[in-house]
Amino acid sequence: MKDIIIAPIITEKSAGIQADGKKVVFKVAKDANKVQIRQAVEEAFGVKVKDVNTINVRPKKKRVGRYTGTTKAYKKAIITLAEGSTLDLS
């Protein structure tokens with residue numbers, strides 16, 4: 001269970017999603033499914049999860065001088081918390 005949640009995602013877009021206090025965004029393991037993500041969040045933070053949405057983020061092509069490469073692909077999970085549950089990551 002510990003290896004499923006990798007890190008919270010703190011960006012402008014995720015801050016907009018999290019502004020109402022009902023949703024939280026995490027980077028999660030690529031092979032984790034929605035049920036495993038739900039159980040890991042409930043166990044780690046002691047909150048009740050209402051819904052889990054997942055997104056596979058594809059790698060982007062990047063270039064530095066003459067060298068080309070790609071960023072890493074990862075899976076992102078948007079967690080909707082149940083009524084009465086709050087989670088503060090700051």
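**Close-up views of a predicted model**

View 1. Thr86 lies in the segment after S6, where helices (H or I, at least four residues) and strands (E, at least two) are DSSP runs numbered from the N terminus. This is a predicted model, in which local features need pLDDT of at least 70, side-chain atom pairs count only at pLDDT 80 or more, and totals for chains, interfaces and linings use all residues. Residues are numbered from 1 along each chain as its sequence is written, and side-chain values use heavy atoms, with hydrogens and water left out. Thr86 has a relative accessible area of 64% and is therefore exposed, given that buried means under 20% relative accessible area, exposed over 50%, and partly exposed in between (1.4 Å probe, protein chains only). Ser85 is also placed in the segment after S6, but at 16% relative accessibility Ser85 counts as buried. Contact means heavy atoms within 4.5 Å; leaving aside neighbours within four places in sequence, Thr86 is in contact with Val47 and Leu81, while Ser85, with such neighbours again left aside, is in contact with Gly21, Val47 and Lys48. From C-alpha to C-alpha, Thr86 and Lys60 are 33 Å apart in space, and 26 residues separate them in sequence.

**View 2. The largest nonpolar core.** A nonpolar core is a set of buried Ala, Val, Leu, Ile, Met, Phe, Trp, Tyr and Cys residues joined through side-chain atoms within 4.5 Å, and the largest one here has 17 residues, of which Phe26, Ile37, Val41, Ile79 and Leu81 have the most contacts inside it. Two or more residues of this core come from each of strand S2 (23–28), helix H2 (34–45), strand S3 (49–57) and strand S6 (74–81). Val41, leaving aside its neighbours within four places in sequence, is in contact with Ile5, Phe26, Gly46, Val47, Val49 and Ile79.

**View 3. The aromatic pair of Phe26 and Phe45.** The structure holds one aromatic pair; rings of Phe, Tyr and Trp (its six-membered ring) pair if their centres lie within 6.5 Å, and planes under 30 degrees apart count as stacked, over 60 as edge-to-face and the rest as tilted. The ring centres of Phe26 and Phe45 are 5.6 Å apart and their planes are at 20°, so this pair is stacked. The pair links distant parts of the chain, with Phe26 in strand S2 and Phe45 in helix H2, 19 residues apart. Phe26 is buried, with a relative accessible area of 2%, whereas Phe45 counts as partly exposed at 34% relative accessibility.

**View 4. The largest pocket and its lining.** On a 1 Å grid over the protein atoms alone, a pocket is an open set of points where a 1.4 Å probe fits, with protein on both sides within 12 Å along at least five of seven lines, and lining residues have an atom within 4 Å of a point. The largest pocket is lined by Ile9, Thr11, Lys13, Ser14, Ile17, Val25, Ile55, Tyr74, Lys76 and Ile78. Helix H1 (12–18) and S6 each supply at least two residues of this lining.

**View 5. The whole protein, for orientation.** The protein has two helices and six strands, which follow the pattern β-α-β-α-β-β-β-β when read along the sequence. The C-alpha trace spans about 50 × 25 × 20 Å along its principal axes, and buried residues make up 29% of the 90 residues.
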